[in-house]
Amino acid sequence: QAGVTFAQVHLIVKDLEALDAKRIRVRINSGGGEVFEGLAIYNALRGHPAKVTTEIDGVAASIASVIALAGDTVKMADNAFFMIHNPAGLVMGDARDMREFADLLDKVGGSLARVYSEKCGKDDDQVQEWMDAETWFTAEEAKAAGFIDVITKGKVIEARADMSAFRN
């Protein structure tokens with residue numbers, strides 16, 4: 001979820017490491033958040049010996065879409081959305097700082113693209129095209145693209161998320 005702090009992510013990862021379970025179910029309804037914190041959660045889930053099932057209830061956008069892919073099985077409600085895009089951020093400084101930050105964004109984007117490619121089996125160029133376009137997938141589109149495994153029957157829910165940061 002947007003606004004999760006480093007300390008909270010640290011606790012989530014430590015709690016996961018200590019969790020002695022055969023199955024873990026992660027329900028997702030998030031517009032995203034900080035990329036490095038999201039990668040820490042993704043890696044903690046992927047590294048856990050339990051069978052992990054992720055379920056997208058409303059939206060898995062931005063880094064939340066990466067976390068969703070940590071599941072051994074990825075489920076998505078038929079009325080939910082999945083969104084991928086290039087990483088973004090802010091930097092202050094001179095031209096060298098801007099160039100360095102752009103290089104960092106490219107590295108981070110490449111890392112995210114590999115996660116998406118590994119799950120969906122599409123080539124890097126296709127995934128990068130989707131990321132460049134800030135692509136929103138319906139459940140059917142996400143399944144056809146290879147991001148999710150199962151479409152579940154959705155329930156009409158009232159949820160609010162600030163999506164003003166996204167272009168599309």
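T54 is found in strand β2; strands are DSSP runs of E with at least two residues, and helices are runs of H or I with at least four, numbered from the N terminus. At 0% relative accessibility, T54 counts as buried. Buried means under 20% relative accessible area, exposed means over 50%, and partly exposed lies in between (1.4 Å probe, protein chains only). This is a predicted model, in which local features need pLDDT of at least 70 and side-chain atom pairs count only at pLDDT 80 or more, while totals for chains, interfaces and linings use all residues. Residues are numbered from 1 along each chain as its sequence is written, and side-chain values use heavy atoms, with hydrogens and water left out.

- T54 touches V26, I28, I67, A68, G71, T73, V74 and K75, not counting residues up to four places away in sequence. Contact here means heavy atoms within 4.5 Å.
- T152 is found in strand β6. T152 is partly exposed, with a relative accessible area of 29%.
- Beyond its neighbours within four places in sequence, T152 is in contact with K75, M76, A77 and D78.
- T152 and N86 are 66 residues apart along the chain, and their C-alpha atoms are separated by 28 Å.

**The nonpolar core**

- The largest nonpolar core has 44 residues. Such a core is a set of buried Ala, Val, Leu, Ile, Met, Phe, Trp, Tyr and Cys residues joined through side-chain atoms within 4.5 Å.
- I56, F82, L112, Y116 and F147 touch the most other members of this core.
- L112 is in contact with V35, L39, I63, V66, P87 and M131, leaving aside its neighbours within four places in sequence.

**Helices α4 and α5**

- Helix α4 covers residues 95–120 and helix α5 covers residues 124–132. They pack at an angle of about 115°, with their axes 9 Å apart. Axes are lines fitted to C-alpha atoms, for helices over the stretch in contact, and angles run from 0 to 180 degrees between N-to-C directions.
- α4 passes α5 in a right-handed crossing. A crossing is right-handed if the near helix is turned clockwise from the far one by less than a right angle, and left-handed if anticlockwise.
- On the α4 side, the contact is made by G109, L112, A113, Y116, S117 and C120. On the α5 side, D124, V127, Q128, W130 and M131 take part.
- By class, this contact has seven nonpolar, three polar and one charged residues. Ala, Val, Leu, Ile, Met, Phe, Trp, Tyr, Cys and Pro count as nonpolar, Asp, Glu, Lys and Arg as charged, and the others, Gly among them, as polar.

**Salt bridges**

- The structure holds five salt bridges. Each is a side-chain nitrogen of Lys or Arg within 4 Å of a carboxyl oxygen of Asp or Glu.
- Side chains of opposite charge can pair when their charged atoms come close.
- D57 forms a salt bridge with R27, and the closest N and O atoms are 3.0 Å apart. The pair links distant parts of the chain, D57 in strand β2 and R27 in strand β1, 30 residues apart. D57 is partly exposed at 23%, and R27 is exposed at 52%.
- K153 forms a salt bridge with D78, with the closest N and O atoms 3.6 Å apart. K153 sits in the segment after β6, D78 in the loop between β3 and β4, 75 residues apart. K153 is exposed at 71%, whereas D78 is partly exposed at 36%.
- R96 and D94 meet through their side chains in a salt bridge of 2.6 Å, N to O. R96 is exposed at 59%, and D94 is partly exposed at 33%.
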